[in-house]
Amino acid sequence: MPLSTPWSERMGLTAPIVNAPMGGAAGGRLAAAVSRAGGLGMIGMGSSATAAALTAERAHVAALDRPFGIGLVHWVAAAEPALLDVALQAQPALLAVSFGDDWSWVRRAHDAGVAVAAQVADVDGARRAAGEGADVVVARGADGGGHGEPRMGTLPLLAEVLDAVDVPVLAAGGIASARGLAAVLAAGASGAWLGTVFAVCTEALTPAAARERLLAAPGDATVTTRAFDVALQYPWPVHLPERVLRNDFVDRYDGREDAIEADARAELTAAVSAGDYRRAPINAGQGVGMVRASRPAAEVIADLCAGAERLLRRWG
């Protein structure tokens, strides 16, 4: 019997897996591949998102006969309201608008017949999200790659959130193996929200040079920092740093963001343009040490589900 949960069955999935909507990695091609493989593919619009970019990416899922989702960053969508319009016009099965305190988008999504997900970093956030109408809560632990509040580890956060809310809960942060998937499902999660393991898939937008570094990185190679946001002048709030692979730029400026001046900004901008990841940022979660091959998303999902099912049967 395929691995499933009541939530994944209601969503029309055959695997309780969602690819995290990672800006710069989770484009329409990856979302389509994940959805075709039975998971919920999410198109991710990050810090530099535009309505035009989302329109281009959603073309990959336009003729898809499977559910898909879209993820936006709240402060980016607030600056470009057309982003939410374009997202809702696509009629996704799930919409996530993360990292904000304004919940008016939830009503707009529900009025359009779209279910909503909210990422949370603590129990209070989970209760607030459920109270504001979130159909599913994503318990995003500090283990996760990219931006987020690094308040609690994934498993302690998941356990508390499951006891605190009545809506389905997805686990996110550091889950990159069948064992990790089995663990969160055994704890009671309705599914897993996975990032790094999909960032290296053949369908991801991740540049080849960044992909190589992800595949070579050990699990302790990540750090949570604001150095890149400060240097690139992205207006991410102070309480939302990002987990990235360590590199030369991080080692020089993490915790010394006030020392980042014009020369350092120019150096980093040039590195980003050139794809020089000795200095440019690569988002990665603490599960990166378990990611060792670039494969199609369908193979990744099949292996994760088969392995998790074997473990759950053994434990049961």
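A disulfide is a pair of cysteine sulfur atoms within 2.5 Å.

## Cysteines

The structure holds 0 disulfides. The cysteine sulfur closest to that of Cys-305 belongs to Cys-201 and lies 13 Å away, too far for a bond. Cys-305 is buried, with a relative accessible area of 11%, and Cys-201 is buried as well, at 1%. Here buried means under 20% relative accessible area, exposed means over 50%, and partly exposed lies in between (1.4 Å probe, protein chains only).

## Basis of the model

This is a predicted model, in which local features need pLDDT of at least 70 and side-chain atom pairs count only at pLDDT 80 or more, while totals for chains, interfaces and linings use all residues. Residues are numbered from 1 along each chain as its sequence is written, and side-chain values use heavy atoms, with hydrogens and water left out.

## Helices α5 and α6

Helix α5 (residues 82-89) packs with helix α6 (residues 104-111) at an angle of about 30 degrees, and their axes are 10 Å apart. Axes are lines fitted to C-alpha atoms, for helices over the stretch in contact, and angles run from 0 to 180 degrees between N-to-C directions. Helices (H or I, at least four residues) and strands (E, at least two) are DSSP runs, numbered from the N terminus.

On the α5 side, the contact (heavy atoms within 4.5 Å) is made by Leu-84, Asp-85 and Leu-88, and on the α6 side by Trp-105, Arg-108 and Ala-109. By class, these residues comprise 4 nonpolar, no polar and 2 charged. Ala, Val, Leu, Ile, Met, Phe, Trp, Tyr, Cys and Pro count as nonpolar, Asp, Glu, Lys and Arg as charged, and the others, Gly among them, as polar.

## Helix α9

Helix α9 (residues 178-187) has buried residues at Ala-178, Gly-180, Leu-181, Ala-182, Val-184 and Leu-185. These buried residues pack against β1 (17-19), α8 (154-164), β8 (169-172), β9 (191-194) and α15 (297-315). After α9 comes Gly-188, with a positive phi near 120 degrees.

Gln-91, although not a glycine, has a positive phi of about 55 degrees. Gln-91 lies in the loop between α5 and β4 (94-98) and is partly exposed, with a relative accessible area of 45%.

Gln-233 is not a glycine either, yet its phi is positive at about 60 degrees. The loop between α12 (227-232) and β11 (242-245) contains Gln-233, which is exposed, with a relative accessible area of 59%.
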